[in-house]
Amino acid sequence: MSSKLLMTWFSVVSALLVLAGVFFAFFGLGVLHVNKEVLPQFVGAIYGAIMIGWGAILLLAGRLAIRRNDAELLTILLVGLAAWLIVDSMFSLYYGAFSNVGMNAAMLALLASL
């Protein structure tokens with residue numbers, strides 16, 4: 001696959017993921033055709049899968065950025081991490097999940113110390 005085609009594919013998939021994230025953040029997963037009795041477990045499974053993928057990206061790309069001393073890649077990862085923590089905190093505040101806000105604040109403080 002050519003680098004131009006790979007860049008296009010990666011950009012489209014990434015943009016669709018961001019748009020899906022915005023949609024589900026505002027409308028929830030209840031809009032999907034999922035049995036409402038299993039919706040909480042389904043939400044937990046989706047949340048877990050996202051955390052596994054996001055954690056793997058941070059682990060692998062972050063280690064690569066540090067090993068290569070790639071400040072640009074590390075900045076990209078840190079901006080993505082900060083965006084996630086800020087948006088997650090805003091929705092956590094809205095829904096009253098204050099312990100999550102506290103964990104996010106601790107993570108942001110660790111980021112700020114870098």
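Tutor: Let's start with Leu 60, whose place is in helix α2. Helices here are DSSP runs of H or I with at least four residues, numbered from the N terminus. Before we go on: this is a predicted model, where local features need pLDDT of at least 70, side-chain atom pairs count only at pLDDT 80 or more, and totals for chains, interfaces and linings use all residues. Residues are numbered from 1 along each chain as its sequence is written, and side-chain values use heavy atoms, with hydrogens and water left out.

Student: Why is Leu 60 called exposed?

Tutor: Its relative accessible area is 57%. Buried means under 20%, exposed over 50%, and partly exposed in between, using a 1.4 Å probe and protein chains only. Leu 60 is over the exposed cut-off, so it counts as exposed.

Student: Which residues of α2 are buried?

Tutor: Leu 39, Ala 61, Gly 62 and Ala 65. The buried residues of α2 pack against α3 (71-95), where contact means heavy atoms within 4.5 Å.

Student: What makes α2 and α3 roughly antiparallel?

Tutor: They pack at an angle of about 155 degrees, with their axes 9 Å apart. The axes are lines fitted to C-alpha atoms, for helices over the stretch in contact, and angles run from 0 to 180 degrees between N-to-C directions. Under 35 degrees counts as roughly parallel, over 145 as roughly antiparallel, 65 to 115 as roughly perpendicular, and the rest as oblique. The angle is over 145, and therefore α2 is roughly antiparallel to α3. Among the residues making this contact are Trp 54 and Leu 58 of α2 and Leu 77 and Trp 84 of α3. The contact of α2 with α3 divides into 12 nonpolar, two polar and no charged residues.

Student: What do those classes cover?

Tutor: Ala, Val, Leu, Ile, Met, Phe, Trp, Tyr, Cys and Pro count as nonpolar, Asp, Glu, Lys and Arg as charged, and the others, Gly among them, as polar.

Student: How do α3 and α4 run relative to each other?

Tutor: The axes of α3 and helix α4 (residues 98-112) come within 9 Å and cross at roughly 155 degrees, so these helices are also roughly antiparallel. By class, the contact of α3 with α4 has 11 nonpolar, four polar and one charged residues.

Student: Why is Asn 100 counted as buried?

Tutor: Asn 100, found in helix α4, has 17% relative accessibility, so it falls within the buried class. Leaving aside neighbours within four places in sequence, Asn 100 is in contact with Asp 88 and Ser 92. Both Asp 88 and Ser 92 are listed as buried in α3, and the buried residues of α3 pack against α2 and α4.

Student: Is Met 90 buried or exposed?

Tutor: Met 90 lies in helix α3 and, at 51% relative accessibility, counts as exposed. The C-alpha atoms of Met 90 and Asn 104 are separated by 10 Å.

Definitions and conventions
Helix = DSSP H or I, 4+ residues; strand = E, 2+ residues; numbered from the N terminus.
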